[in-house]
Amino acid sequence: MSDADATLQPRKSGLTRRQKRALSRGAQYVVFVAAVIAFAVAADWGRLKNQFAQWDLVKQMFPDVITLALKNTVLYTMSGFVVGLVLGLVIALMRLSPVGPYRWLAGIYIEIFRGLPALLIFVFVGVAVPLKFPGTEIPGGTYGKVALALGLVSAAYMAETIRAGIQAVPKGQMEAARSLGFSHARAMVSIIIPQAFRIVIPPLTNELVLLFKDSSLVLFLGVTLEERELTKFGRDLASQTANSTPILVAGLCYLLVTVPLGFVVRRLEAKAGEATK
């Protein structure tokens, strides 16, 4: 090959594939650090502190933000989760039933309540039910209304999760139970459903996190001062003080619960993955 031909040949890069990946990663870190520095320089920290970090307002919120607002939020969430779990189990069994009308009703319920925004369900429970059935009261007052509204919303999602868990249990489990003399119902209650719940614990825990946040919709039901949850509590104080610090504190209280729950979900998913290997 002549010298002229050699100069026309494309030069090969001296970087290996691993080096290229490392270089790309390094460039992304540089861009990220530059963006953080730009934000830190451009932000008006004085105004942010005045609007979101007033220590006097933070002290004013305690202990009510924990003993009242957070407590009510947890109560609303747990009551809605229990109602949704029980109703979701019933709907999942109806979905798997050999009786056609049961399957159709369960399917219609799931499609409707998965498609409607949670806000509309709260309005329905708080406004439409009293108008349709005048003189009737949902047991438990506001707590009962919230439990019903959250339960109706979550049951549609839990039903599909539980149904998938039941179907994930090997069919041989039911066959073995029936060969031992168990009836179909007893085998479901004693053998199939417990195994299904072990499978679906991670997604059900994730649903609990979603319900914890959806409990903020309780303000559309109209609550008293003693029935306020975190969002309502923070909004009321923010309106009174014309400052957003209470909103920030309320958000941090949500994170006190949702972050540990998220960690639990990841651990459960990791253990489930190890068990299937």
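User: Which helix gives the most to the lining of the largest pocket?

Analyst: Start with the general idea. Rolling a probe the size of a water molecule over the atoms shows where empty space is left. Here, helix 10 gives the most to the lining of the largest pocket, with six residues. A pocket is an open set of points on a 1 Å grid over the protein atoms alone, where a 1.4 Å probe fits, with protein on both sides within 12 Å along at least five of seven lines; lining residues have an atom within 4 Å of a point. Helices are DSSP runs (H or I, at least four residues), numbered from the N terminus. This is a predicted model: local features need pLDDT of at least 70, side-chain atom pairs count only at pLDDT 80 or more, and totals for chains, interfaces and linings use all residues. Residues are numbered from 1 along each chain as its sequence is written, and side-chain values use heavy atoms, with hydrogens and water left out.

User: What volume does the largest pocket have, and which residues lie nearest its centre?

Analyst: Its volume is about 430 Å³, counted as the space filled by probe spheres set on the points, which are joined across faces, edges and corners. The lining has 16 residues, with Leu96, Ile166, Met174, His184 and Met188 nearest the centre. Helix 8 (141-168), helix 9 and helix 10 each give two or more residues. By class, the lining has 12 nonpolar, three polar and one charged residues. Ala, Val, Leu, Ile, Met, Phe, Trp, Tyr, Cys and Pro count as nonpolar, Asp, Glu, Lys and Arg as charged, and the others, Gly among them, as polar.

User: How do helix 9 and helix 10 pack?

Analyst: Two packed helices are described by the angle between their axes and the distance between the axes. Helix 9 (residues 171-179) and helix 10 (residues 184-214) pack at about 140°, axes 10 Å apart. Axes are lines fitted to C-alpha atoms, for helices over the stretch in contact; angles run from 0 to 180 degrees between N-to-C directions. So helix 9 is oblique to helix 10. Angles under 35 degrees count as roughly parallel, over 145 as roughly antiparallel, 65 to 115 as roughly perpendicular and the rest as oblique. Contact (heavy atoms within 4.5 Å) involves Met174 of helix 9, and His184 and Met188 of helix 10, among others.

User: At what angle do helix 6 and helix 8 pack?

Analyst: Helix 6 (residues 100-115) and helix 8 pack at about 125°, with axes 9 Å apart. That makes helix 6 oblique to helix 8.

User: Which peptide bond is cis?

Analyst: The bond from Phe62 to Pro63, with omega near 5°. Pro63 lies in the loop between helix 4 (55-61) and helix 5 (64-95).
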